[in-house]
Amino acid sequence: MANHVTLTQFIIEQQRGLKDASGTFSMLLNNIVTACKQISHKVNRGNLIGVLGSADSENIQGEVQKKLDIITNDIMIEALNWTGHLAGMASEEIDGFIAIPEQYPKGKYLVLFDPLDGSSNIDVNLAVGTIFSILRCREGVDAELDDFLRKGTEQVCAGFVLYGPSTMMVLTTGHGVNAFTLDQDIGEFILTHPNMKIPEETSEFAINMSNQRFWEEPVQRYIEECVQGKDGPRGKNFNMRWIASLVADVYRILTRGGVFLYPYDLRDPNKPNKLRLLYEANPMAFIIEQAGGACSTGRERILDIKPTGIHQRVPVILGSKNEVERIVSYHLQQ
Ligand code: F6P
Ligand code: MN
């Protein structure tokens, strides 16, 4: 490909346009990129290096951990804790938040991440990913809980890396969405999908149908109308996809439109929602909105939620704008 633009070049050039950018953010992003390249390598090597399978442990959220959940979490922490750019971190795999070790300087950002999203797919060789969200923090201090509990609108950057047939990074800093493909030969992410935009109209939905009996009425209505296809009120046929990796489902929606729902459900009254706000829903919502889509719980814009806990879960409905607005209107009509 002629005129390669690397991710590093792209970020540095974008930061140059901002008046008080010090270069710290570009360096932080580079550290995240380095971690994701290491994760890509491990995921790709799979059982050749013995990283597949269960770790025989549970994370703080009661989910069985895969070996790679632990390995990727360690890679992220070790790539970031020494840099001096961070005041703290939060990870799906760690209770509470992660303090920066005493011996390192503290910086002005927080990184919140899901090191291996969709990890139930890892042993069947399907796509998984890393999701991250960057917030600003008070400078030079150890972050406290309240520093993390910020609305999604305050994110300065959100991204995810999809470890699929190609390894891709999707990124927003609030100026649109760009995607980069890892060129394994030179070890660099190259800009391949500039300014991604989600089509407003779609006829594809993604939901785990096995939970249908636990959904609320507005979601029942929406899916029922899609399934009725040409013979129903929508007057057109719909297609369904469910990869069970948020990263892969979101990437598909970014490329060809669609809507994704992990709605409120009544399966387990102690756990009515699945996806985590701070390192799954918020970064995806920032990306989806920046690409012209919408993201809601059904009753509230995701990015407007005031968080109450680091590992808080929320209903997620995201994707093509017109469909998300329709689903929200069904909730409001209740
Ligand atoms: O991280 C949670 C997650 O793995 C998402 O990536 C995915 O969208 C969802 O859970 C799949 O859930 P289920 O196994 O219920 O289909
Ligand atoms: Mn996840």
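Is Asp 117 buried or exposed? Select Asp 117: its relative accessibility is 4%, so it counts as buried (under 20% relative accessible area; exposed is over 50%, partly exposed in between; 1.4 Å probe, protein chains only).

This is a predicted model, in which local features need pLDDT of at least 70 and side-chain atom pairs count only at pLDDT 80 or more, while totals for chains, interfaces and linings use all residues. Residues are numbered from 1 along each chain as its sequence is written, chains are lettered from A and ligands numbered from 1 in written order, and side-chain values use heavy atoms, without hydrogens and water.

**The metal site.** Select the manganese ion (ligand 2). Its protein donors are Asp 114 (OD), Asp 117 (OD) and Glu 280 (OE), 2.0 to 2.2 Å away. Donors are N, O and S atoms within 2.8 Å of the metal (3.2 Å for Na, K and Ca); water is not among the atoms, so sites may look incomplete. The donor spacing in sequence is D-x2-D-x162-E. Asp 114 is buried, at 0% relative accessibility.

**The sheet.** Now show the strands (DSSP E runs of at least two residues, numbered from the N terminus). Seven of them make an open, mixed sheet, ordered β3-β4-β5-β6-β7-β8-β9. β3 (86-91) and β9 (188-193) are the edges; each has a single partner strand, so one side of each lacks a neighbour in the sheet. Pairing requires at least two DSSP bridges. Pick β4 (109-117) and β5 (128-136): they pair antiparallel over seven bridges. Val 111 sits opposite Ile 134 in β5.

**The loop.** Finish at Gln 312, between β14 (294-296) and β15 (313-314). Gln 312 is buried, at 18% relative accessibility.

Conventions:
Helix = DSSP H or I, 4+ residues; strand = E, 2+ residues; numbered from the N terminus.
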